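Let us read a protein model together, one feature at a time. Keep the 3D view open as we go.

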Amino acid sequence: MNELLISPSLLSCDFARLASEVERVEAAGADWLHVDVMDGHFVPNLTIGPPVVEAIAKVARRPLDVHLMITDPLRYARHYAKAGAHVLTFHAEVCATPSAARDVIRAFRAEGVAKVGVSLNPDTPLERMLDYADELDLVLVMSVFPGFGGQKFMPEVLPKVRGLRERGFERDIEMDGGINAATIAACAEAGTNVFVAGSAVFGAPDMAATIRSFKSEAARARAAAHA
Ligand code: DX5
Ligand code: ZN
């Protein structure tokens, strides 16, 4: 079974202290570091470009999980791969056809990223990516509309995780948006194994205890689902 992993989103960290925030969240038990890249076009917010990802990669000891919320992932594949993305995920919505999505997947692979992922907005059905699911290492199911941290979890996306597992997708399924101690169990029960959390981790009074409780809650929910 896939390992349960916590990928705290740096979007909620103190950007003026990026290096120490990376060290702090790694010391607290982060498995991956989720990096939200927004282009002000696919989503109404602008965040992190390749030089900043490269700076994070220099200080990070955990793999960078780079979530591209950008209109033109093909154009920037090389930049983000070279900057140090371990997981590189684009959005299915930016590809007009399955063949356009395959081009993006192949470009990411050609740049040598370890894991290639696709992400689905809350209102994008699974059917949008089933055609090319066999070429993916990871599917990132959004549980909020992308653009900002601190939004409310949308449980209506959970059937997509179940649907993927029912169709035999055995690789990583990641969920992103509104994950906290109250919502993580439902995600794990449905079949999610990678959990992004921004505000719930960086806003926690005790970050290590929070990450530990996320992991134990997820493990408990998964065991109960398989009992
Ligand atoms: C939303 C981003 C998320 C966000 C999650 O557009 O993709 O990664 O940072 O933040 P929380 O956990 O606060 O919902
Ligand atoms: Zn994200």
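This is a predicted model: local features need pLDDT of at least 70, side-chain atom pairs count only at pLDDT 80 or more; totals for chains, interfaces and linings use all residues.

Q: Let us start with a helix. Which residues of helix 3 are buried?

A: Start with the cut-off. A residue is called buried when its relative accessible area is under 20%. Now take helix 3, which spans residues 73-83. Its buried residues are Pro 73, Ala 77, Tyr 80, Ala 81 and Ala 83. Look down the helix axis. The buried residues of helix 3 fall within an arc of 145°, so they line one face of the helix.

Q: Which residues does helix 3 carry on the face turned away from its buried side?

A: Exposed means over 50% relative accessible area. On helix 3, the face turned away from the buried side carries the exposed residues Arg 75, Arg 78 and Lys 82. Turn the view and find these three.

Q: What covers the buried residues of helix 3?

A: Look for neighbouring elements. Two helices are part of the cover: helix 2 (50-59) and helix 4 (98-110). Strands take part too, namely strand 2 (33-38), strand 3 (64-69) and strand 4 (87-91).

Q: Now the ligand. How many residues surround ligand 1?

A: Begin by listing the neighbours. For ligand 1, there are 20 surrounding residues. The closest are Asp 36, Gly 147, Asp 176, Gly 198 and Ser 199.

Q: Which side chains have an N or O atom close to an oxygen atom of ligand 1, and at what distances?

A: Look at Asp 36 and His 67. An N or O atom in the side chain of Asp 36 is 2.8 Å from an oxygen atom of ligand 1. For the side chain of His 67, the distance from an N or O atom to a ligand 1 oxygen is 3.3 Å. The backbone can take part as well. At Gly 150, a backbone N or O atom lies 2.8 Å from an oxygen atom of ligand 1.

Q: How much of the accessible area of ligand 1 does the protein cover?

A: On its own, ligand 1 has 380 Å² of accessible area. The protein covers 100% of that area.

Q: Where is Thr 183, and is it buried or exposed?

A: First place the residue, then read its area. Thr 183 is in the loop between strand 7 and helix 7. Its relative accessible area is 15%, so Thr 183 is buried.

Q: Which backbone atoms does the side chain of Thr 183 reach?

A: Two backbone atoms deserve a look. A polar atom of the Thr 183 side chain lies 3.0 Å from the backbone oxygen of Gly 178. The side chain of Thr 183 also reaches the backbone nitrogen of Asn 180, at 2.9 Å. Leave aside neighbours within four places in sequence, and Thr 183 is in contact with Phe 153 and Gly 178.

Q: How do I read positions along helix 9? Take Ala 218.

A: Pair the area with the contacts. Ala 218 is in helix 9 (residues 207-226). It is buried, with a relative accessible area of 1%. Beyond neighbours within four places in sequence, Ala 218 contacts Leu 4, Ile 184, Ala 188 and Phe 195.

Q: What about Glu 217?

A: Glu 217 also lies in helix 9. At 24% relative accessibility, Glu 217 is partly exposed. Its contacts, leaving aside neighbours within four places in sequence, are Ala 181, Ile 184 and Ala 185. Glu 217 and Ile 184 are 33 residues apart along the chain, yet their C-alpha atoms are separated by 7.1 Å.

Technical notes. Residues are numbered from 1 along each chain as its sequence is written. Chains are lettered from A and ligands numbered from 1 in the order in which they are written. Side-chain values use heavy atoms; hydrogens and water are left out. Buried means under 20% relative accessible area, exposed over 50%, partly exposed in between (1.4 Å probe, protein chains only). Helices (H or I, at least four residues) and strands (E, at least two) are DSSP runs, numbered from the N terminus. The arc is that of the directions from the helix axis to the C-beta atoms. Contact means heavy atoms within 4.5 Å. A residue is near a molecule or strand if one of its heavy atoms lies within 4 Å of it. A polar contact is a pair of N or O atoms within 3.5 Å; within protein, one must be able to donate a hydrogen and the other to accept it, and residues adjacent in sequence count only if both atoms are side-chain atoms. Accessible areas come from the Shrake-Rupley method with a 1.4 Å probe; for residues, only the protein chains shown count as cover.
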